[in-house]
Amino acid sequence: MQIKNSALSLVIDAINQKELEELRLQFLGRSGKLTLAIKEIVKVPIEKRPEVGQLANEVKRAIEEAIEQKISNFKFQISNQKKESIDKTTPGIKPKIGHPHPMTLALYDVVEIFKKIGFQTADGPEIETDYYNFEILNIPKDHPARDAQQTLYIDTRDSKTNPGEIILRTHGSNMQGRIMKKIDHPVRAIYPGKVFRYEQVDASHGFEFWQLEGLAVDKNLTMTNLLGTMSYALKEFFGLDTQVKFVCHNFPFVEPGAEAYMSCTVCKGKGCSFCKQLGWVEILGCGMIHRNVLKAVGYDPQKVSGFAWGMGLSRMIILRYQMDDLRLLTNPDLRILEQF
Ligand SMILES: [Zn+2]
């Protein structure tokens with residue numbers, strides 16, 4: 001028992017595998033303490049030999065097991081140390097963090113610009129009825145203005161809806177009727193969103209693009225309010241040195257109507273290929289809301305007046321960043337998007 005206790009306590013204190021091997025020799029080797037003790041068994045009286053022999057075997061097994069256990073503990077520690085051998089001072093790999101798309105950035109900007117002068121932001125359906133897209137805006141079924149709006153129709157053959165009644169909205173103006181029917185004047189709202197046309201896609205045309213439309217209706221609103229609001233918005237978006245001019249234009253839902261041009265952002269008005277050497281680029285259509293539209297939504301044109309406009313939001317972004325192709329805005333290429 002003495003041999004067992006001293007062997008076990010030495011095994012517990014061993015600090016490495018080499019010491020354990022030495023202990024194994026010291027106790028269990030050919031001249032080891034236990035081996036020598038076992039040899040002494042012959043001196044024990046014969047009747048006690050089996051008992052002493054069994055005890056000696058138990059001691060031997062206990063020492064062997066203790067040594068094996070300790071060795072496997074060392075191995076486990078070593079493998080753990082290897083796992084932990086990471087240089088914690090090495091700089092980490094930075095995860096890629098996304099950022100808003102240039103379209104979203106522009107959207108935030110225009111919403112903020114119009115919020116400053118009291119305009120609320122509204123959202124509406126992209127799949128629209130003929131009524132809100134055309135009829136209510138003084139564009140009846142036989143109006144020639146419909147030809148210019150290459151409309152995409154929804155197939156309604158399996159429904160009760162008449163053919164041609166459900167379309168993809170061709171302009172954001174579908175929201176004019178929806179807002180004015182719902183809210184009594186005074187009202188000021190913008191409604192940015194996607195619109196759809198059956199267009200051949202090229203550098204300056206898309207079948208799907210963004211518009212920023214808006215309206216204001218109140219007592220005594222005049223063309224001056226409209227021109228001032230448009231000039232303010234364009235200067236806020238493109239910079240205070242932006243020049244704006246208005247030219248008469250006919251739209252069925254306004255009277256009088258106008259188109260606004262702004263000084264080219266690429267050449268600063270000197271003339272370049274982007275602006276076809278004019279120094280000006282067309283940026284929006286606008287006008288005083290037609291009395292027929294006011295009547296259709298239940299307003300009294302004798303008492304209130306209003307103005308409405310539609311800006312090409314996609315075009316504004318192209319001009320702001322001086323891109324040369326509208327399709328870049330819908331291109332998922334990170335080399336382009338990471339520049340914003
Ligand atoms: Zn230019």
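Let's begin with a charged pair: Glu-40 and Lys-43 form a salt bridge, with their closest N and O atoms 2.8 Å apart. (A salt bridge here is a side-chain nitrogen of Lys or Arg within 4 Å of a carboxyl oxygen of Asp or Glu.) Glu-40 is partly exposed at 39% relative accessible area, while Lys-43 is exposed at 64%. On these labels, buried means under 20% relative accessible area, exposed means over 50%, and partly exposed is in between, with a 1.4 Å probe and protein chains only.

Before going further, a word on where this comes from. This is a predicted model, in which local features need pLDDT of at least 70 and side-chain atom pairs count only at pLDDT 80 or more, while totals for chains, interfaces and linings use all residues. Residues are numbered from 1 along each chain as its sequence is written, and side-chain values use heavy atoms, with hydrogens and water left out.

How many salt bridges does the structure hold? There are 13. Side chains of opposite charge can pair when their charged atoms come close.

| Pair | N to O distance |
|---|---|
| Glu-40 and Lys-43 | 2.8 Å |
| Asp-130 and Lys-141 | 3.0 Å |
| Asp-333 and Arg-335 | 2.7 Å |

In the last pair, Asp-333 is partly exposed at 23% relative accessibility, and Arg-335 is exposed at 65%. Elsewhere, salt bridges with shared partners join Asp-130, Glu-135, Lys-141 and Glu-165 into one network.

Now back to Asp-130 and Lys-141, whose side chains meet in a salt bridge. Asp-130 sits in helix H6 (residues 130–133) and Lys-141 in the loop between H6 and strand S3 (152–153), so this pair ties together parts 11 residues apart in sequence. Asp-130 is buried, at 2% relative accessible area, whereas Lys-141 is partly exposed at 49%.

**Strands and how they pair**

The protein has 11 helices and 10 strands. Both are DSSP runs numbered from the N terminus: helices are H or I with at least four residues, and strands are E with at least two. Two strands count as paired if DSSP finds at least two bridges between them. Strands of a sheet pair through backbone hydrogen bonds, either parallel or antiparallel.

Which strands make up the open sheet? Its 3 strands come in the order S2-S4-S3, with antiparallel pairing. Strand S2 (127–129) and S3 are the edge strands, each pairing on one side only. S2 pairs with strand S4 (residues 166–168) over 3 bridges, and Glu-128 stands opposite Ile-167 in S4.

Another pairing involves strand S7 (residues 244–248) and strand S8 (residues 254–263), which run antiparallel and are joined by 5 bridges. A hairpin of 5 residues leads from S7 to S8. Phe-246 has Ala-260 in S8 as its bridge partner.

**Inside the protein**

The largest nonpolar core has 40 residues, and those with the most contacts inside it are Phe-114, Ile-283, Trp-309 and Met-311. (Such a core is a set of buried Ala, Val, Leu, Ile, Met, Phe, Trp, Tyr and Cys residues joined through side-chain atoms within 4.5 Å.) The elements giving two or more residues to this core include helix H5 (102–115), helix H8 (223–238), strand S9 (280–289) and strand S10 (305–312). Apart from this core lies another, of 24 residues, among them Tyr-132, Ile-136, Leu-137 and Ile-167.

Which residues touch Met-311, leaving aside its neighbours within four places in sequence? Among them are Phe-114, Trp-210, Met-230, Leu-234, Ile-283 and Met-316. Contact means heavy atoms within 4.5 Å.

Tyr-321 is in helix H10 and is partly exposed at 31% relative accessible area. Leaving aside neighbours within four places in sequence, Tyr-321 contacts Pro-102, Leu-105 and Phe-340.

**The whole thing**

Stepping back, 39% of the 340 residues count as buried.
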